[in-house]
Amino acid sequence: MTDLTIIPAVNHTPEPVFVARHLINGKWQASANGETFERASPAHGQTVTEAALGDVAETEAAIAAARTAFDDGRWSRISGKERAGILLKVAAFIERDRDRIALRETLESGKPISQAKDEIAGAADIWRFAASLARTVSGDSHNSLGDDMLGLVLKEPVGVAALIAPWNFPFLIVSQKLPFALAAGCTAVVKPSELTPSSAVILGELLMEAGIPDGVVNIVLGYGDPVGTTMCESEGVDMVSFTGSTAVGKAIVRVSAGTLKKVSLELGGKNPQVVFPDCDLDEAADAIVFGVYFNAGECCNSGSRIIVQEDIAEALTEKVVALSKKVPFGDPLDPRTRVGAIISDAHFDKIDSYVEGAKGDGAAIPLGGGALAVPGLSGRFYAPTVVTNVNSTMAVAREEVFGPVLSVLTFRTIEEAIALANSAAYGLSAGVWSNDVSTCLAFARRVQAGTVWTNTWMDGFSELPFGGVKQSGLGRELGRYGLEEYLEVKTVTMRIGRTRASWVD
C-alpha cells in the first residue's frame with residue numbers, strides 16, 4: 001500500500017465539544033430524563049458532540065407542536081411570498097456559516113473538509129430554489145364541464161411531515177427535504193442521524209434567526225427506536241420522508257401502515273456504469289474513480305459497479321487502478337484530502353466482509369482490500385479497493401457495500417450490458433459511456449434507474465428530480481417534483497346557479 005497517496009494528520013487544535021439539544025416549539029430543550037449521548041470523530045477518535053437523547057416524550061411533544069402550528073395556519077395559510085422570504089434568509093445564513101457547519105460535519109462524519117464546504121454551498125442553492133417554488137404552487141381549472149359547472153383542482157400542503165435523515169450527507173439531505181416541505185406549507189419534525197446530529201441543530205438555529213414561527217420546524221435527537229418509530233406510528237404525522245437503507249425503508253412502510261400516512265423513500269443503490277469501447281477511456285476512468293471513492297463510497301449514488309466491454313476491460317482496469325493510487329486518502333481536516341474516514345467500526349467491518357467474501361468467491365483484488373494506516377491518526381480508514389473477476393451472482397456485485405470498493409464486470413453486447421445493469425434489485429442511478437448518441441439513448445431508455453448519466457457521473461442540479469425505482473425507493477426529491485411530494489390534490493366542483501335537477505319527484 002506504500003504507493004498510495006496518503007495525507008497524514010494535520011496540526012489542529014481540538015474543537016470544543018458541541019452541545020446539541022432538541023428544538024421543540026421554538027425552544028431548545030434537554031431530554032426530560034436528562035440522558036445524553038456522545039459522538040466521537042471517526043478520523044480522530046476524540047469526542048466532538050454531546051447530544052440530548054430523545055425518547056417518546058420529546059418526540060410526541062415535537063409532533064404536537066408541529067400539529068398545532070400547521071392547524072392554526074401560522075405557516076400553512078400565509079402567502080407563498082412570506083414563506084419564500086424566510087427560506088431565502090436561511091439560504092443566506094447557510095452561506096454565511098458555511099465553514100462552521102462544514103467543520104462540524106467533518107468532525108462527526110469523517111468526510112473531507114473541502115467536500116463538506118461544497119455540500120453546504122450546494123444546500124444553500126437548494127434552499128434558494130425551494131424558495132422560488134413557494135411562490136408558484138398552483139392547481140388547475142376546468143371550464144369545459146358545461147355552462148353551469150366549474151371544476152377546480154387545488155394543491156394544498158400534506159400537513160405535518162416527519163423528515164428522517166442519514167449520516168452520510170447530514171446537512172445536504174435535510175436540505176433536500178425540509179425547504180420543499182416548508183415551501184409547500186407543511187410543518188416538520190426532523191430527526192437527524194445519531195451519528196451526525198450537530199449540523200441539523202445549527203440549521204435549527206438559522207431557522208430561528210430567520211424568523212420561522214415557533215413549532216413550524218422541530219428537531220428531535222436520538223435513535224431510530226424510539227424517535228423514528230414514534231414519528232412513523234403517530235396519528236399526528238401525515239407524511240414520512242426517509243433517506244437511508246432499503247431495510248430500514250421497508251420497516252418504515254410497515255410501521256406507518258397503521259395510519260396509512262404518505263411515505264417517501266430514498267433508499268440504497270448498486271449503481272452501474274456501462275463502458276463501451278468508443279468512449280474516452282481516460283475520461284471514463286477519472287469519473288469511475290470519482291464515483292466509487294467520493295464520500296469514501298458511503299453514498300447511495302456510488303458508482304460501485306462498472307460493466308465494461310470485454311475488449312477494453314483490462315486496459316480500463318489498469319487506468320482505474322493507477323488513478324486510484326493518486327487519490328489522496330487521509331486526514332479529513334486537510335483541504336488536500338479527497339477521501340476521509342469510515343463512519344463506524346461496524347460499518348468498516350461490513351465493508352471488509354464484502355471484500356473478503358468476494359475473495360472467497362474467486363474474485364481478484366488488484367488494489368486494496370483492507371485497512372489503511374494514516375500517520376498520526378487512529379481512526380478508521382479503508383484502502384481504495386478494486387475487485388475484478390466478478391460475476392453478477394456475487395454479493396459484491398449485487399449488494400450495496402457502501403464503501404470505497406469497485407466491482408468490475410464485463411459484457412460482449414449491449415443487450416448483455418443492459419441485462420447486467422438491470423440485474424440488481426436496486427434502481428437509483430446508472431451511467432453510460434459512449435461517443436455514439438444512439439447507444440447512450442438506447443441504454444438510457446431501457447435501464448431501470450431514476451437517474452441516468454451519459455458520459456459523466458453524479459452531476460446534480462436543484463432543478464432536476466432525484467429518486468429511484470425498484471428497491472431504491474418511492475417518490476422524488478429536488479426539482480418541482482420535490483415540492484409535489486409535500487402537496488395533496490383537492491377537487492372542488494362548483495355548480496353555478498340553481499341548475500341542479502331534483503332527484504326526488
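Modeller: First, what counts as an element here: helices are DSSP runs of H or I with at least four residues, strands are runs of E with at least two, and both are numbered from the N terminus. Also, this is a predicted model.

Biologist: Okay, then which helix is Pro 226 found in?
Modeller: Start from the bond into it: the peptide bond from Asp 225 to Pro 226 is cis, with omega near 25°. Helix H8 covers residues 224-233, and Pro 226 is found in helix H8.

Biologist: Which residues in H8 does H1 meet?
Modeller: H1 (residues 56-71) packs on H8 at an angle of about 35°, with the axes 9 Å apart, and the crossing is right-handed. The contact divides into 5 nonpolar, 2 polar and 1 charged residues. From the H1 side come Val 56, Thr 59, Glu 60 and Ile 63, and they meet Pro 226, Val 227, Thr 230 and Met 231.

Biologist: How is H2 oriented relative to H4, roughly parallel or roughly antiparallel?
Modeller: Two packed helices are described by the angle between their axes and the distance between the axes. Here the axes of H2 (residues 80-96) and H4 come within 8 Å and cross at roughly 170°. Angles over 145 degrees pass the cut-off, and that makes H2, relative to H4, roughly antiparallel.

Biologist: How many nonpolar residues does the contact of H2 with H4 have?
Modeller: H2 brings Leu 87, Leu 88, Val 90 and Ile 94, among others, and H4 brings residues including Ile 120, Trp 127, Ala 130 and Ala 131. There is 1 polar residue and there are 3 charged ones. The nonpolar count is 13.

Biologist: And how does H3 lie relative to H4?
Modeller: H3 (residues 98-109) and H4 (residues 113-134) pack at an angle of about 130°, with their axes 8 Å apart. H3 relative to H4 is oblique.

Biologist: How many charged residues are in the contact of H3 with H4?
Modeller: The crossing is right-handed. Arg 98, Asp 99 and Glu 105 are among the H3 residues in the contact, and Lys 117 and Glu 119 are among those from H4. Next to 7 nonpolar and 1 polar, the charged residues number 5.

Biologist: Where is Asn 25 placed?
Modeller: Most residues other than glycine have a negative phi, so exceptions are worth a look. Asn 25 is not a glycine, yet its phi is positive, about 55°. Its place is in the loop between strand E3 (22-24) and strand E4 (27-29).

Biologist: Which residues that line the largest cavity are closest to its centre?
Modeller: The count comes to 4 cavities of 30 Å³ or more, and the largest has a volume of about 50 Å³. Its lining has 6 nonpolar, 5 polar and 2 charged residues. Of those 13 residues, the closest to the centre are Lys 270, Pro 272, Tyr 426, Gly 427 and Ser 429.

Biologist: What volume does the second largest pocket have?
Modeller: That pocket is lined by 16 residues, with His 12, Pro 14, His 44, Gln 46 and Leu 333 nearest its centre. By class the lining has 7 nonpolar, 7 polar and 2 charged residues. The volume is about 190 Å³.

Definitions and conventions:
Residues numbered from 1 in each chain as written. Predicted model: local features only at pLDDT ≥ 70, side-chain atom pairs only at ≥ 80, totals over all residues. Heavy atoms only, no water. Axes fitted to C-alpha atoms, helices over the stretch in contact; angles between N-to-C directions. Parallel < 35°, antiparallel > 145°, perpendicular 65-115°, else oblique. Left-handed = near helix turned anticlockwise from the far one by under 90°. Contact = heavy atoms within 4.5 Å. Nonpolar A, V, L, I, M, F, W, Y, C, P; charged D, E, K, R; others polar. 1 Å grid on protein atoms, 1.4 Å probe; cavity = no way out; pocket = protein on both sides within 12 Å on 5 of 7 lines; lining within 4 Å. Points joined across faces, edges and corners; volume = space filled by probe spheres on them.
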